[in-house]
Amino acid sequence: MASPNGPRTPTSTSTSAGHEAASPQDNLRDLGAEAFAAVAEAAERGELLDTGRFAELLLRAGRLDGPALLFDAWFGEAIDTRTLAAHVGSVWSMAEYPDAALDRPAWRELFAKAGFTADGRPATRPAGPVELWRGSVPERRADWSWTTRRAVAEGYATGTGARRSTTGRLYRTVAPPSAPLAHNTRRGEGEYVLNTDGLTIAEVPLTP
C-alpha cells in the first residue's frame, strides 16, 4: 500500500558554515528528517524499532507528521504489532487532522492490526453499545473522533474546542462494541476512535 501523498521524507534545512544559523523551525524540520531516515534505515536492514525507540522518533517527527511516520514504520516492517498498538491511538489523537494525513483504508488497517487499545494498551472492547457524541461541521459528521462526553462535543460544535467560528453541529450515535477502534483518555476528552461505517448519526440540539 502506498502512502496517500507518497513517501514522507521532510527535507533537511541545516546550514553550512558562512550561512545564517538555522531557525528553530529549520531545526525541527531537521529532527523530522532524521526520524524518517531512521525508520527507512531500520526497514532496509530488516531491524525492528522497539516501543521506546519509536516513541523518541515520533517526538522528533512532531505530531503532524506522526501518522506518516507510523505508516512508514508499519508498512516498512520496522515495528511490530506491540509497538503499533502502543502508539496508533495516541498518534491519531495528537494529529491535527489525522484523516487528512492518511486515508481511511490505511488507518483501518493500522487499527485492525493493532487490535482494540485503551491509552496504548490492549484492552477489552465495550461490553455493550456506547453512546457517543461529536461536534463538527456537517460535512465531517461521520469522521472518526468521538467522545463519551457531550460537553466536550458541544465545545467542538460551538468553536470553543476547535479553533474556528461557530459553524458546527452536535451529533449523537450509539455504537455497537465492534465499532470502536481505540479509546484515548489522556487528553481528558474521553475520545473513541470510531469506525462510523453503517452507523446512524443523528443531529441533536445544542444545550441552550
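Helices (H or I, at least four residues) and strands (E, at least two) are DSSP runs, numbered from the N terminus. With that settled, I turn to the model.

This is a predicted model, in which local features need pLDDT of at least 70 and side-chain atom pairs count only at pLDDT 80 or more, while totals for chains, interfaces and linings use all residues. Residues are numbered from 1 along each chain as its sequence is written, and side-chain values use heavy atoms, with hydrogens and water left out.

I begin with a pocket. Rolling a probe the size of a water molecule over the atoms shows where empty space is left. On a 1 Å grid over the protein atoms alone, a pocket is an open set of points where a 1.4 Å probe fits, with protein on both sides within 12 Å along at least five of seven lines; lining residues have an atom within 4 Å of a point. Helices α2 (51-61), α3 (66-75) and α4 (81-94) each supply at least two residues of the lining of the second largest pocket. Which helix gives the largest share of this lining? It is α4, with four residues. Among the lining residues are Leu 58, Arg 63, His 87 and Met 94.

Next, the strands. Two strands pair if DSSP finds at least two bridges between them. Strand β7 (residues 191-194) has two such partners in what follows: β4 (residues 145-147), antiparallel over three bridges, and β6 (residues 180-184), also antiparallel, over four bridges. In β7, Val 193 is the bridge partner of Ser 145, and Tyr 192 that of His 183. β6 and β7 form a hairpin with six residues between them, and Gly 188 in the turn has a positive phi of about 75°. Glu 191 and Val 193 point one way from β7, Tyr 192 and Leu 194 the other way, and all are buried, where buried means under 20% relative accessible area with a 1.4 Å probe, protein chains only.

Finally, the aromatic rings. Rings of Phe, Tyr and Trp (its six-membered ring) pair if their centres lie within 6.5 Å; planes over 60 degrees apart count as edge-to-face. By this rule there are five aromatic pairs. Trp 92 and Trp 107 form an edge-to-face pair, 5.0 Å centre to centre with 80° between the planes. This pair links distant parts of the chain, Trp 92 in helix α4 and Trp 107 in helix α6 (residues 104-114), 15 residues apart. Trp 92 counts as buried because its relative accessibility is 2%, and Trp 107 because its relative accessible area is 0%.

Notes:
Buried means under 20% relative accessible area, exposed over 50%, partly exposed in between (1.4 Å probe, protein chains only). Rings of Phe, Tyr and Trp (its six-membered ring) pair if their centres lie within 6.5 Å; planes under 30 degrees apart count as stacked, over 60 as edge-to-face and the rest as tilted.
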